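Please look over the sequence and the structure shown below. The briefing that follows describes them topic by topic.

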Amino acid sequence: MDLNKKFTPETWPDHPERATLEAKNKFVGFWLFLGGETILFATLFATYIALKNSGPSGFGFSTQELYELPLVFVMTMLLLTSSLTSVFAMYHLRNYNFKKMQLWLAITAFLGLGFLMLEVYEFSHYVGLGFTFNNSAFSSAFYTLVGTHGFHVAVGLVWITLLIFRNAKRGLNLYNATKYYTFSLYWHFIDVVWVFIFTVVYLMGVIG
Amino acid sequence: MSSVAQKKGFGATLWDWLTTVDHKKIGILYFLGGGFFFVVGGIEAMLIRWQLHKPNNDFVSAGLFNDLITMHGTTMIFLAAMPILFGFMNAIVPLQIGARDVAFPFINSLGFWMFFFGGLFLNLSWFFQQVPDAGWTSYASLSIASEGHGVDFYAIGLQIAGGGTLMAGINFLVTIINMRAPGMTYMRMPLFTWTTFVASAMILFAFPPLTVGLFFLTFDRMFGGNFFDHTMGGNTIIWEHIFWIFGHPEVYILILPAFGIFSEIFSTFSRKRLFGYPSMVFATVLIGFLGFMVWAHHMFTVGLGPTANAIFAVATMAIAVPTGVKIFNWLLTMWGGSIRITTPMLYALGFIPSFVMGGVTGVMQGAAPLDYQLHDTYFIVAHFHYVIVGGVVLGILAATHYWWPKMFGTMLNEALGKVTFWFFFIGFHLTFLIQHWLGFWGMPRRVWTFMDGQGWNSANFISTIGAFLMAIGIIVLVYNVIVTSVKNVKVANDPWGDGRTLEWAIESPPIYYNFPATPLVRGLDTVWIEKMEGNETGLTPAEPIKDIHMPNGSIIPLLMSLGLFIAGFGAMYRTEESWGLPVLIFGLLWTFVAMAARSLQDDTGYYIKKDEILRDLKRKGGQK
């Protein structure tokens, strides 16, 4: 593959993310990887549901008292919006508009960073209340489930930051288009997982 | 990356193997690595049998016995059977579908090195004298209570090796989906490719639960988590569920490729198309699907209740149906065929009665009320050794003889091969058949020793004799391999003379780009079709000879895996040694830097020029 081949919006293929065999392989492989990730999170969810509110005798924490929906609502909005901005970026990827794509991806990254910082605040708040990882089965399950999601967000941030800077000077080609596209798939996946965390952990924790 | 054959020094050869991304070389690496661990696990088995050959034996201590059974099971499943099967998949599947490599050569190499370092990590526990001792299932209450770092070696070693397995699974899936040659439709794929496909899909969905379970275990043991500690609100049964949601599909991940191997062998040496090919494919997919529905039959005695037990009992017995379909198809493939009893065919013939016996005892245990009687007795030991040794290991030995010429370019000695078979086959039945009765007579699993006067003495002694016969069989095989390699008599494309699939239409071993021109596949058993029509090369090219795109070798996969290996030691000693945490961080950073290096470099591979391919063809021209 020639990395230096120049395109125009007219010559740019309709599906740049899977225009070559290598790209097709990455495209299919990444979808399959997300399938495996789904099972990974399903296992974490099942464990969380089994251990929810469960602790040593005299355990003083419950989901109703612990969680605060306003904060989680803001986090949810940040992450959902970041999924939307990554869609805008993919729109510009399709149209071979590199600058706008980079801009929307940067916005995506900032929204993701905002989400992550709020999550760090949330965790440190709970730890301040005495709800530490070692405190109970409930706390272990909670931090592992939500923390694994948070770790995925952090990995996504490092990934997109590297991509944005690495390609800043050389623009789009059929090699890095797949990388951008799989990042966007990954980001949507993280978003969908969060929708389930919001529902199963927070909403059902406070209301259910 | 020159292809021209030239004398290379030891260092250059070593570097070549450490950095290779060629599926054939990675296949050989898997085969050698798995073979090494197979010998280690085998020695552990011999020590177990020697301890049990007479009552009140004190050959090993009770603690060492626990170490031995744990490491025997873990090593054989994760570090021997699976990697050897991966070796055959790597070496053969791309050839069978007419591809030049797998979809992700880099990740293929990474998968191997993670398996290797994970296995190394696990087995280094012997040198630290803190060996996993909670059984290969490491049930939570026991594994949490286990002192020392034994179970830590288990949790971290399997985590690293399991990551490699997951990558290998995704790699084979994409390879088979995207890289098939023109005309190779799904329903023309050889059965070994089909079973690899289904086994890889099962890996994709079975290994993430293992990953999570091992993380829970790691957190509980090393980082103060409380998943399984009931005094902190935890639940020890969660481990059992997670482990078997992984563990039951795992046995099908092992047996399906063996089914594929035998399908190839029956068809080849009966000189007949596989009987009922579509039903074989359907049965494979159905087994893969049902394999996920039956995990709780390992937990009948836990007390999940009669409803849950009944559902899982029925689902378990249902698996016998597609398996029966396969058995009958193999028998009918031989029916009316022109059969040649070669070494691989001997294994295939031995496999059918052995595996059927393992299957029948499986259905017996599937009946939940009876399982209450059989649970944790030697009957269970007999059963799973009948399916794993009688199915998977016979399959591995058959494939070793069958594909040896394709992988190494020489033929294993047939006479020695048959000697290996008879020693192994008789030894296997001698070892494990009697163990069914030992179970009925009440001998529990996992006991260090037993007392005199319970009627178990002679049965245990017979079992030990059988184990030694199996060991003799393996020693003959190793001797065979050495003699064959020293003589090094090169063979032609199709040394069995009856090859039906694409791997037999190219030289042994194949040139590093496999096919000078991508082949056109004209039906099931395409090479056989071509030969019947008088085309001696067995191939119709689908394209003119042109430049070939190839991947570059890389040392990064080895470095990434090494980082995880280092981090593992840091995690283990984090609480007791001051260097623990820094080493953990250093190892993880090492891996992340290696990943970033891979991401930032533009590795788009290289091209082999058309002239060079034509030159290779001309040089080979004389042999044909």
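**Overview**

Chain B has 20 helices and two strands, where helices (H or I, at least four residues) and strands (E, at least two) are DSSP runs numbered from the N terminus. This is a predicted model, in which local features need pLDDT of at least 70, side-chain atom pairs count only at pLDDT 80 or more, and totals for chains, interfaces and linings use all residues. Residues are numbered from 1 along each chain as its sequence is written, while chains are lettered from A and ligands numbered from 1 in the order in which they are written.

**Confidence**

- The model scores ipTM 0.96 and pTM 0.95.
- Chain B has a mean pLDDT of 94, and 98% of its residues reach 70 or more; pLDDT is the predictor's confidence in each residue, from 0 to 100.

**Chain B as a whole**

- The C-alpha atoms of chain B fill a box of roughly 70 × 60 × 45 Å along the principal axes.
- A compact globule of 624 residues would have a radius of gyration near 25 Å, and the 25 Å of chain B agrees with this. The radius is taken over C-alpha atoms, and the globule rule is 2.2 Å times the number of residues to the power 0.38.
- Of the 624 residues in chain B, 54% are buried. A residue is buried if 20 or more other C-beta atoms lie within 10 Å of its own, exposed if 12 or fewer, and partly exposed in between, with C-beta atoms placed from the backbone.
- Among contacts in chain B between residues at least 6 apart in sequence, 83% join residues at least 24 apart. Two residues are in contact if their C-beta atoms, placed from the backbone, lie within 7 Å.

**The two domains of chain B**

- Chain B is divided into domain 1 (10-554 + 603-621) and domain 2 (556-602); the bounds come from an automatic or database domain assignment.
- The centres of domain 1 and domain 2 of chain B, taken over C-alpha atoms, are separated by 30 Å.
- Contacts between these domains involve 16 residues of domain 1 of chain B and 14 residues of domain 2 of chain B.
- On the side of domain 1 of chain B that touches domain 2 of chain B, helix 4 (105-128) and helix 6 (150-178) of chain B each supply at least two residues. Helix 4 of chain B gives the largest share of that side, seven residues.
- By class, that side of domain 1 of chain B has ten nonpolar, four polar and two charged residues. Ala, Val, Leu, Ile, Met, Phe, Trp, Tyr, Cys and Pro count as nonpolar, Asp, Glu, Lys and Arg as charged, and the others, Gly among them, as polar.

**Individual residues of chain B**

- B:Gly118 is in helix 4 of chain B and counts as buried, with 26 C-beta neighbours inside 10 Å.
- Leaving aside residues up to four places away in sequence, B:Gly118 touches B:Gly157, B:Leu158, B:Ile160, B:Ala161 and B:Gly164.
- B:Arg446, in the loop between helix 15 (414-440) and helix 16 of chain B, has a positive phi near 60° without being a glycine. B:Arg446 is exposed, with 12 other C-beta atoms within 10 Å.
- A cis peptide bond, with omega about -15°, joins B:Ser508 and B:Pro509. B:Pro509 lies in the loop between helix 16 (457-487) and helix 17 (526-532) of chain B.
- B:Asp525 is also found in the loop between helix 16 and helix 17 of chain B. B:Asp525 has a positive phi of about 55° although it is not a glycine, and B:Asp525 is buried, with 23 other C-beta atoms within 10 Å.

**Chain A**

- Chain A contains six helices and zero strands.
- The C-alpha trace of chain A spans about 70 × 30 × 25 Å along its principal axes, and buried residues make up 36% of its 208 residues.
- Helix 4 (residues 98-128) of chain A has 31 residues and reaches 45 Å from its first C-alpha to its last, close to the 45 Å expected at 1.5 Å a residue; the expected span is 1.5 Å times one less than the number of residues.
- The buried residues of helix 4 of chain A, among them A:Trp104 and A:Phe115, pack against helix 3 (69-94), helix 5 and helix 6 (176-206) of chain A.

**Where the chains meet**

- In total, 33 residues of chain A are in contact with 31 residues of chain B.
- Helix 1 (21-51) and helix 5 (137-166) of chain A each supply at least two residues of the side of chain A that touches chain B. Helix 1 of chain A gives the most to that side, with 16 residues.
- By class, the side of chain A that touches chain B has 19 nonpolar, twelve polar and two charged residues.
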